[in-house]
Amino acid sequence: MAKYLLLKHYRGAPAAVNNVPMDRWTPEEVSAHLRYMQDFADRLEGTGEFVDGQALSPDGMFVRYDGEGRPPVTDGPFAETKDLIAGWMVIDVDSQERAIELAGELSAAPGAGGKPIHEWLEVRPFLTAHHTVTE
Amino acid sequence: MDEVLLRSLTPSVLAVLVRRGADFAAAEDAVQDALVEAVRVWPADPPRDPKGWMVTVAWRKFLDATRADAARRRREDRVEEEPAPGPAPEADDTLRLYFLCAHPSLSPSSAVALTLRAVGGLTTRQIAQAYLVPEATMAQRISRAKRTVSGVRFDRPGDVATVLRVLYLVFNEGYSGDVDLAAEAIRLTRQLAASIDHPEVSGLLALMLLHHARRAARTAPDGSLVPLAEQDRGRWDIAAIAEGVAILQAALARDRLGEFQAQAAVAALHADAPTAEETDWVQIVEWYDELAALTANPVVRLNRAVAVGEADGPRAGLAELAALDASLPRYAAVAAYLHERDGDLETAARLYHEAARKALDLAERDHLTLQAARLNTLLRS
């Protein structure tokens, strides 16, 4: 039992196989993609493995502390698609093998031409908050 | 109202329903409904015979649910006859429920969830909170688990080792939400020990008690980890240690050693030392030798290297370590500790940093980061 983050972003990984940007898909292809994502989440809830899934708006900003009594500094957005985090899913599974299997399925979401996108997803284990017996 | 007492009735009430012919999944739902009603009704109107009350109400809930399900009318005719409970003693029923909920056809997380609900009497919401998943996800996990074991015959004994593995998983999960899973695991293991005479069940119960006894001392007020050697031994739970040691001694006397008994023996030797310096590391090494003979688990040899480092000096520990696979979890942490004891602070600092990067437990990672920072500060001054 371990939680994993399946992170969809465009930092560092090679390009997807079916690398056509979403805005050049047909509306039917976009719908099919969204339906696939929803079905995937529903199926994981059915298997008792779904924890959370969110999509993020590409519009964001950078914020930092700017000293006592001053409002935070904001900057950006820096609209570099290569840094964009598009969304994530959190799963709770029995093994790393299962996490990899599910990430593989998620990566098969259909894109242009109704063919799998084959996009790279980053799989990261959560740090657990409990102490296992390790003394 | 004592909620734990109420929940302790769960397995025997559930077993009565199954013996009367209810299928496991429906019986389990009915018992949950009865638990909810007990929580509502008992405070104002406590029953004289709690178990009798639970059986009556759970059976009524079961019949209501079955009647509501028109497609199952034929089965209703059968169960309406209310056959008498079988002659088997109650302890066997409880035991069979443990076996069923830990059935090998279930994945570990499903077995854990089903055990907590059907044997422990926890609600789906409580289990979901404890494991930090949405309630809907946990509900599905449990109903799938019930479907998986629906074809398993209830009257057939199982392997106690599978049950112990599930209980050990529950214990190790610690606690979050409003349920203390470690305490619940101890309660369920105690209840199991009352149903079956098996030295490894005693071994696991002793192991849990001995670890649990140290829990208050294991965490500093700020939530950080306190390693065994630095714990305030005055904060250890003496009564739990005494109980754990007594249970372990009785089990060991039967001369059927198993992994949990050997692990408990190590824990008992730690609990027995008035100070960290007085720990009998030579005996601990011997117990790790016993454990290594019982299991191929490489973590045992890693722990043995730590014990050898304490018994015969860090160089001896490092020599043990050299024979092991460096990709083992916590290998870098053990190596860092032994190098520090050996006076090689630079290597130790580097390995603590590496170990922190690999740690999957948040408190452990923070602890290892602190060790790296401490040594690097020392090295700079």
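## Confidence

The model has an ipTM of 0.80 and a pTM of 0.86. In chain B, the average pLDDT is 91. There, 93% of the residues reach at least 70.

Helix 14 of chain B, residues 238-252, has the highest mean pLDDT, 98. Helix 5 of chain B, residues 73-79, has the lowest, 56. Where pLDDT is low, predicted coordinates should not be read in detail.

## Where the chains meet

Chain B brings 26 residues to the contact, and chain A brings 20 residues. On the side of chain B that touches chain A, three helices of chain B each supply at least two residues: helix 7 (108-119), helix 9 (135-148) and helix 21 (362-380). Helix 9 of chain B gives the largest share, six residues.

Eleven of its residues are nonpolar, eight are polar and seven are charged.

Chain B is split into four parts: domain 1 (1-86), domain 2 (88-173), domain 3 (197-291) and domain 4 (296-381). Between the centres of domain 2 and domain 4 of chain B, taken over C-alpha atoms, lie 37 Å.

Helix 12 of chain B spans residues 199-212, 14 residues in total. From first C-alpha to last, helix 12 of chain B reaches 20 Å. That is close to the 20 Å expected at 1.5 Å a residue. Of its 14 residues, 13 are buried, so helix 12 of chain B is largely enclosed by the rest of the structure.

Strand 1 of chain A, residues 2-9, pairs with two strands described here. With strand 5 of chain A (residues 85-93), the pairing is antiparallel and has eight bridges. Here His9(A) has Ile85(A) as its bridge partner.

Strand 1 of chain A also runs antiparallel to strand 6 of chain A (residues 122-125), and four bridges join them. In this pairing, Leu7(A) is bridged to Glu122(A).

Helix 1 of chain A covers residues 27-46 and has 20 residues. At 1.5 Å a residue it should span 28 Å, and its end C-alpha atoms are 28 Å apart, so the two values agree. Gly48(A) follows helix 1 of chain A. The phi of Gly48(A) is positive, near 75 degrees.

Conventions: Residues numbered from 1 in each chain as written. Chains lettered and ligands numbered in written order. Predicted model: local features only at pLDDT ≥ 70, side-chain atom pairs only at ≥ 80, totals over all residues. Contact = placed C-beta atoms within 7 Å. Nonpolar A, V, L, I, M, F, W, Y, C, P; charged D, E, K, R; others polar. Domains from an automatic or database assignment. Expected span 1.5 Å × (residues − 1). Buried ≥ 20, exposed ≤ 12 C-beta atoms within 10 Å, placed from the backbone. Pairing = 2+ DSSP bridges. pLDDT = per-residue confidence, 0-100.
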